[in-house]
Amino acid sequence: VSAVVGSIGMSVRGVGWVVMQGHRRDPLTNESFSNPQIVPNAQLRREIQRWCEARAMQLDAAAGEVERAHIFVDNTNVHVAQEAIHRLIHCVEAGRTVEERVVVGSGDQRQKSVWHTWKAAGYKVSSDPRQGKEYFVDDALLAQLIRTASLVFEPRRTLVLLTGDGNANGGRATFPESVEIALRNGWRVEVHSWQGSTSRVYLAFAAQYPAHFKLKFLDNMGLRS
């Protein structure tokens with residue numbers, strides 16, 4: 001079945017039968033075409049693409065692929081109580097082989113024990129000690145995130161992003177843009193965030209890329225901020 005429609009609005013089998021042989025009737029209904037023009041069926045094309053992506057994931061699983069993940073944490077956006085950090089890590093890593101662990105946040109010396117907890121779990125920590133508006137956090141995390149998202153791996157890997165931030169970031173690079181880069185380069189992507197602070201753009205990604213993008217809410221993991 002070709003991903004095209006005829007002028008009467010239904011999918012057409014055997015486009016060559018219509019175009020090459022000059023027929024002017026639908027081969028299934030015998031209805032006459034008011035206009036024999038063949039146009040792309042965008043909805044059917046998307047459905048075919050989703051099926052192919054889902055099938056690829058099934059084949060990966062059947063082949064016993066070891067899932068490798070790269071994890072990036074916007075600690076300010078998805079902040080959890082210090083005693084819950086280990087549970088958060090356990091839920092997010094989910095037994096996968098983690099190739100890269102990055103956490104970025106802001107805060108003064110009172111956050112020192114928080115950073116120690118992340119470091120003890122194997123995460124590379126970068127923090128901005130200044131108070132007030134964050135000048136450093138998003139850009140620092142995005143620089144590392146985009147560098148990784150721009151890489152291509154076979155078999156595909158999973159990029160895990162802990163943030164609900166979908167802001168424009170003053171015209172600079174954004175988290176949604178980094179997610180799109182990863183998806184274009186064949187990554188699976190997971191975004192973990194608090195439901196109440198999740199940008200709508202991630203809901204749109206979940207609908208557009210159901211096979212390769214997952215949105216998971218921290219609220220469902222028994223965590224507290």
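## Close-up views of a predicted model

**Figure 1. Two arginines meet aromatic rings.** The charged end of Arg101 is placed over the ring of Tyr123, 5.9 Å from the ring centre. Welcome to a predicted model, where a second view of this kind is worth a look. Here Arg157 holds its charged end over the ring of Phe153, at 3.8 Å from the centre.

**Figure 2. A cis peptide bond sits between Glu154 and Pro155.** The bond leading from Glu154 to Pro155 is cis, and its omega is near 0°. Pro155 belongs to the loop that lies between α5 and β6.

Figure 3. Read across, the strand order is β5-β4-β3-β6-β7-β8, and the pairing is parallel. The edges are formed by β5 (124-128) and β8, each of which pairs on one side only. From one strand to the next, the twist averages 15°. At the β8 end, β7 and β8 are paired in the parallel sense over five bridges, and Ser193 stands opposite Phe217 of β8. Two helices can be followed against these strands. Helix α4 (residues 112-120) lies across β3 (68-74), β4 and β5, and runs at about 160° to β5. Helix α7 packs on the sheet, where it touches β7 and β8, and its direction makes about 135° with that of β8.

**Figure 4. The largest nonpolar core has 24 residues.** Those with the most contacts inside this core are Leu159, Leu161, Val179, Val189, Val191, Tyr202 and Phe213. At least two core residues come from each of β4 (97-106), α5 (137-149), β6 (158-162), α6 (175-184), β7 (188-193), α7 (200-208) and β8 (213-217). The biggest giver is α5, with six residues. A second, separate core has 23 residues, including Ile71, Val80, Val98 and Val125. Zooming in on Tyr202, and leaving aside its neighbours within four places in sequence, we find contacts with Thr163, Gly164, Asp165, Gly166, Phe175, Pro176, Val179, Val191, Phe213 and Leu215.

**Figure 5. Ring pairs link Tyr202, Phe205, Tyr209 and Phe213 into a cluster.** The structure holds five aromatic pairs. In one of them, Tyr202 and Phe205 are tilted, at 6.3 Å centre to centre with 50° between the planes. These two residues are separated by about one helical turn because they are three residues apart in helix α7. Both Tyr202 and Phe205 are buried. Phe205 also forms a tilted pair with Tyr209, 6.2 Å centre to centre and with 45° between the planes.

**Figure 6. Ala94 and Asn169 each have a positive phi.** Ala94 is not a glycine, yet its phi is about 50°. This residue is found in the loop between α3 (85-93) and β4, and with a relative accessible area of 52%, Ala94 is exposed. Asn169, also not a glycine, has a phi of about 60°. Its place is the loop between β6 and α6. Is Asn169 buried or exposed? At 15% relative accessibility, Asn169 counts as buried, because the cut-off for that class is under 20%.

How values were computed:
Residues numbered from 1 in each chain as written. Predicted model: local features only at pLDDT ≥ 70, side-chain atom pairs only at ≥ 80, totals over all residues. Heavy atoms only, no water. Core = buried A, V, L, I, M, F, W, Y, C linked by side-chain atoms within 4.5 Å. Buried < 20%, exposed > 50% of the residue type's maximum accessible area, 1.4 Å probe, protein only. Helix = DSSP H or I, 4+ residues; strand = E, 2+ residues; numbered from the N terminus. Contact = heavy atoms within 4.5 Å. Phe/Tyr/Trp six-rings, centres within 6.5 Å; stacked < 30°, edge-to-face > 60°. Lys NZ or Arg CZ within 6 Å of the ring centre and 35° of its normal. Pairing = 2+ DSSP bridges. Axes fitted to C-alpha atoms, helices over the stretch in contact; angles between N-to-C directions.
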